[in-house]
Amino acid sequence: MQIKNYLDNDFKTPAYIVEENKLRKNCELLAKVSEQSGAKILLALKGFAFSGAMDIVGEYLSGCTCSGLWEAKFAKEYMNKEIHTFSPAFKDDEIDEIIELSHHIVFNSFNQFKKFKGKASHKPLGLRCNPELSVAPKEIYNPCGRYSRLGIRAIDFENEDLTYVSGLHFHALCEESADSLELVLKAFEDKFEKYIKKMKWINFGGGHHITKQGYDVEKLINLCKNFSDKYGVQVYLEPGEAIGWQCGTLVASVVDIIKNEKDIAILDTSSEAHMPDTIIMPYTSEVLNARILSSRDGEKYNELSKDEFAYLLGGNTCLAGDIMGEYAFKDKLKIGQKIVFLDQAHYSIVKNTTFNGVILPNLMFLDKNGRLNMVREFGYENYSKRN
């Protein structure tokens, strides 16, 4: 079913809409990678946690990778398959439940490993490594940069007792290619090979842009298979964005249109609260039936043609910079009209805030039969109970 068809439905905005057919297409590709490489693939909940679709993801993947107690509980409730949990630092009042829920537990430091290994020794335990090489696009996404708190350097492994350690984990990618993985994997092997030989499993982390058009899937398969054969280990991958990639939208409505040199459409959504990566990365989201003229910071991309109408799209908050960008439309916008931001399933739903008291977008699911279903509807109590 095309987006234009579900826009004919009468539903309240803002709303995230995840499409089953597109989600299954992503999962089918990931299942192929797993089958042909022997690697187990886990959904990284930090990138895509959508309760209405977890059962579908569970049909294809081995389980979830979690960043702490709440994600581990979510994984248990909505998928109930393998649960792998890593945190930069586990808290004393949460570790017992995390141990109970998790199949694998990965520690970020020897301090934490030594502190908790006694009570967790009946579970497969791992250590996060810092390969000291990353090709992340910005320093904010570089877990191997100077002073990084994420992972243990090879030099800090010296003279440590690895009893109870059955696996190693590294994560150094962000929306990266198989070529990038190859570079990082070589650095990991160069620095940690003597420890790898003692392990039963190795986790290659996330950041693999597997479902993006042009990704070299065959190279990924070969890298995983060759590594596994070389060391006799089970390889894990834990993508998040690749599962939710281009399978969902954020639908908003035009609340008002004002003019201040340019036409400005104020929407019932917010870039900061509902699409934060458009500010953090930054990037400018594609909009259905529109062309990007300039980014949210004013960088020019395209020129307006004579038969188009230009609008700045802005959020309904007090933040002056709550601007999505300037777009060209074929027709004039109208108050009440729906605006569809594309590819907003990953790293959007999981990062929502109620800044300025803006309403949280409802969660909706478009099933394979074209039925638009409400998964979760948010109201005032979701704001009041957290403030």
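User: How do you know how far apart domain 1 and domain 2 are?

Analyst: This is a predicted model, and the distance is taken between C-alpha centres: they lie 34 Å apart. Domain 1 covers 3–18 + 248–344 + 352–385, and domain 2 covers 38–243. Those bounds come from an automatic or database domain assignment.

User: What makes up the contact between the two domains?

Analyst: Domain 1 gives 10 residues and domain 2 gives 11 residues. Contact here means heavy atoms within 4.5 Å. About 820 Å² is buried between domain 1 and domain 2, with 65% of that area from carbon and sulfur atoms.

User: How many salt bridges are counted between domain 1 and domain 2?

Analyst: The count is zero. To qualify, a side-chain nitrogen of Lys or Arg must be within 4 Å of a carboxyl oxygen of Asp or Glu.

User: What describes the packing of helix 2 and helix 8?

Analyst: Two packed helices are described by an angle and a distance between their axes. For helix 2 (residues 20–37) and helix 8 (residues 217–231), the angle is about 35° and the axes are 9 Å apart. The crossing is right-handed.

User: Which residues of helix 2 and helix 8 meet, and how do they divide by type?

Analyst: Helix 2 brings Leu29, Lys32, Val33, Gln36 and Ser37. Helix 8 brings Val217, Glu218, Leu220, Ile221, Cys224 and Lys225. They divide into six nonpolar, two polar and three charged. Cys counts as nonpolar, so Cys224 belongs with the nonpolar residues.

User: What makes Gln246 stand out?

Analyst: Most residues other than glycine have a negative phi. Gln246 is not a glycine, yet its phi is positive, about 55°. Gln246 lies in the loop between helix 9 (241–244) and strand 10 (248–260).

Note on methods. Residues numbered from 1 in each chain as written. Predicted model: local features only at pLDDT ≥ 70, side-chain atom pairs only at ≥ 80, totals over all residues. Heavy atoms only, no water. Axes fitted to C-alpha atoms, helices over the stretch in contact; angles between N-to-C directions. Helix = DSSP H or I, 4+ residues; strand = E, 2+ residues; numbered from the N terminus. Left-handed = near helix turned anticlockwise from the far one by under 90°. Buried area = accessible area lost by both parts, 1.4 Å probe.
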